[in-house]
Amino acid sequence: MAQVEKRGGLLRKSSASKKPLKEKVVLMYDEIFMTEDPSKCSPRFWEELFLMKVNLEYLEGKLESLDGEELMKIKDNINCLFQHCIQALGEEHPIRVVNALQTLCALIRGVHQKNKSTSGFDIINMLMGFDKAELCMKNLMESLDSLLCAEGSESLKSLCLKLLLCLVTVTDNISQNTILEYVMINSIFEAILQILSHPPSRREHGYDAVVLLALLVNYRKYESVNPYIVKLSIVDDEATLNGMGLVIAQALSEYNRQYKDKEEEHQSGFLSALTNMVGSMFIADAHEKISVQTNEAILLALYEAVHLNRNFITVLAQSHPEMGLVTTPVSPAPATPVTPLGTTPPSSDVISSVELPLDADVQTSNLLITFLKYSSIVMQDTKDEHRLHSGKLCLIILTCIAEDQYANAFLHDDNMNFRVNLHRMPMRHRKKAADKNLPCRPLVCAVLDLMVEFIVTHMMKEFPMDLYIRCIQVVHKLLCYQKKCRVRLHYTWRELWSALINLLKFLMSNETVLLAKHNIFTLALMIVNLFNMFITYGDTFLPTPSSYDELYYEIIRMHQSFDNLYSMVLRLSTNAGQWKEAASKVTHALVNIRAIINHFNPKIESYAAVNHISQLSEEQVLEVVRANYDTLTLKLQDGLDQYERYSEQHKEAAFFKELVRSISTNVRRNLAFHTLSQEVLLKEFSTIS
């Protein structure tokens, strides 16, 4: 018997001796693409159609091959198909429901693909007809809601979510997708929450549910009242919020694991051995090759949860009791192709499994630790556009956290100590830190470490000014909390002071190049005012009196950098150029730093001369400092502990529109309906009578 092959909806004998035969479902599709009503000749046409295995490729391709005029001729049949799909969703037989869901996906994608240049209203008319659109979408959303909330097939729930993701992402700009107006009116918010609060369904569908929610929240969020924003902001159910946090934590944790695996693989390779032999000249190039695609979709979900819902803040610090209690499924999962993490969910294995401890000696973890580690990876390389967006979003999330009173309370809690192993960029002038030597500290120390790491590693030609400003703002907001609540944090403040001074030196040495693109005085003023915070209020939040002495020592030791900064801003503030006002603000802000330098330097020189010492030790300088505090006069500066609160709509709207567009494109591109094979479905629904 000649072997039969199937391609593009055709059945043909491999000998090619006869004309290819079409699948029955393809013949039925062809009837729909005629101008006549296909059910006229076959009364059971629609009933039979949904028993046939869907040929997505053929149906989408056929829709795309027609021009606008041809499509309009068969509009009635397309409307009819759409309506019968919705009717089939209410059928008892799951196979019909599955085929209806897949057909709807193909219809929506095919019509949208063909009508990219037309308005959303034309597409609504093409799919449903204006007169029936409202009822059609009401019935569709109610059916999807019922299927998602029912205790039935997990495969059906998976397809429902994929259909909804397909519906949301058919246009790059989701706010131009007018069909979503019906998704706003007929909310599926409660169905999404039910998935997240129920462990079995969350493990299967949590990722898709969270991404779907993040996208729906961003539909016309600045132009009208979005019910998903309103509802998300008031969720207070602990199980639901923890479920959302768990999905986000596991997706980020999977990214961290993939990165670590690639890093270890890379370090054990030939290039690593060569680098060790030759020196560290190739270290930067070698590091760039360690790349795992970033996950902006899940990061957006985390941002929306943190930004909109104050109750979610508690989830950041909670370890998840389910981790370690889930048993591995007995039956192996079918193999699926490897896809970029940023666009598709982690496998159900990942969501079911224990999150590996981030550090060898730490048994517990939480969402915030996982997020900080993720941030430390994506913020290393900001040259790539996706990583730049991810890095910016990480800093925006940290800004929201740093402004929240409750978040600050657990960040600074001495009873909540963790060992957080952040990724550090390989650099020629420093050795890699030994992971096991990391101390257990309050979580705010890890946030400050992350900020210091960013400051130290991004002084480069393509200077990321926006990220630097956000980074300094995060530090400032944390200091404001410490000053307000008199929290004496045991932290190596000297590392922060050193990083800030080196950043000032970089700004000065690259003045000409940077001023051509940026107002460097905004950043310089923020850095100087951080020092002013320490000088004015340091005695209320630095851990010991000796820490305050060390601050003065660092300022005196690096006095040349502050002198050079003063000379630069004085020069520009006395000229009538564009930087006059900005530079003069820095001049005024330097008054106390200059007072410290001018007060102590002569006394240190005098001490050295009297004692015949050419170079004083740190302890000798500190002795002079302690002995001369009483005669130092400082000026009280207002507003050092004040800041402008984060506002998305006024300052970040353009960034989020572009980010959501990118996420929508990625989700659409990687939405796979074929992953659910007919064989799997038939096995699952083998009880159909």
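I looked up Arg486 and recorded it as exposed, because its relative accessibility is 58% (exposed means over 50% relative accessible area, buried under 20% and partly exposed in between, with a 1.4 Å probe and protein chains only). The model is a predicted one, in which local features need pLDDT of at least 70 and side-chain atom pairs count only at pLDDT 80 or more, while totals for chains, interfaces and linings use all residues. I also noted that residues are numbered from 1 along each chain as its sequence is written, and that side-chain values use heavy atoms, with hydrogens and water left out.

Arg486 sits in the loop between helix H24 (465-485) and helix H25 (493-509). Helices here are DSSP runs of H or I with at least four residues, strands are runs of E with at least two, and both are numbered from the N terminus. I found a positive phi of about 50 degrees for Arg486, although it is not a glycine. Most residues other than glycine have a negative phi.

I then turned to Arg220, whose phi is also positive, near 45 degrees, in a residue other than glycine. Arg220 is placed in the loop between H12 and H13. With a relative accessible area of 27%, Arg220 is partly exposed.

I located Tyr406 in helix H22 (residues 405-411). Tyr406 is partly exposed, at a relative accessible area of 42%. Which residues does Tyr406 touch, not counting residues up to four places away in sequence? I recorded Arg310, Ile313 and Thr314. Between the C-alpha atoms of Tyr406 and Arg310 the separation is 8.8 Å, although the two are 96 residues apart along the chain.

Gln87 belongs to helix H5 (residues 75-88) and is exposed, with a relative accessible area of 54%. Its C-alpha atom is 8.3 Å from that of Asn139, 52 residues apart along the chain.

**Helices H27 and H28**

I examined how helix H27 (residues 520-541) packs with helix H28 (residues 545-557): the angle is about 150 degrees and the axes are 10 Å apart. Axes are lines fitted to C-alpha atoms, for helices over the stretch in contact, and angles run from 0 to 180 degrees between N-to-C directions. H27 and H28 are therefore roughly antiparallel to each other, a term for angles over 145 degrees. I noted that Phe531, Phe534, Ile535, Gly538 and Asp539 in H27 meet Tyr548, Leu551, Tyr552 and Ile555 in H28.

**The whole chain**

Finally, I counted 35 helices and five strands in the chain. Of its 689 residues, 54% are buried. Among contacts between residues at least 6 apart in sequence, 78% join residues at least 24 apart.

Methods
Angles under 35 degrees count as roughly parallel, over 145 as roughly antiparallel, 65 to 115 as roughly perpendicular and the rest as oblique. Contact means heavy atoms within 4.5 Å.
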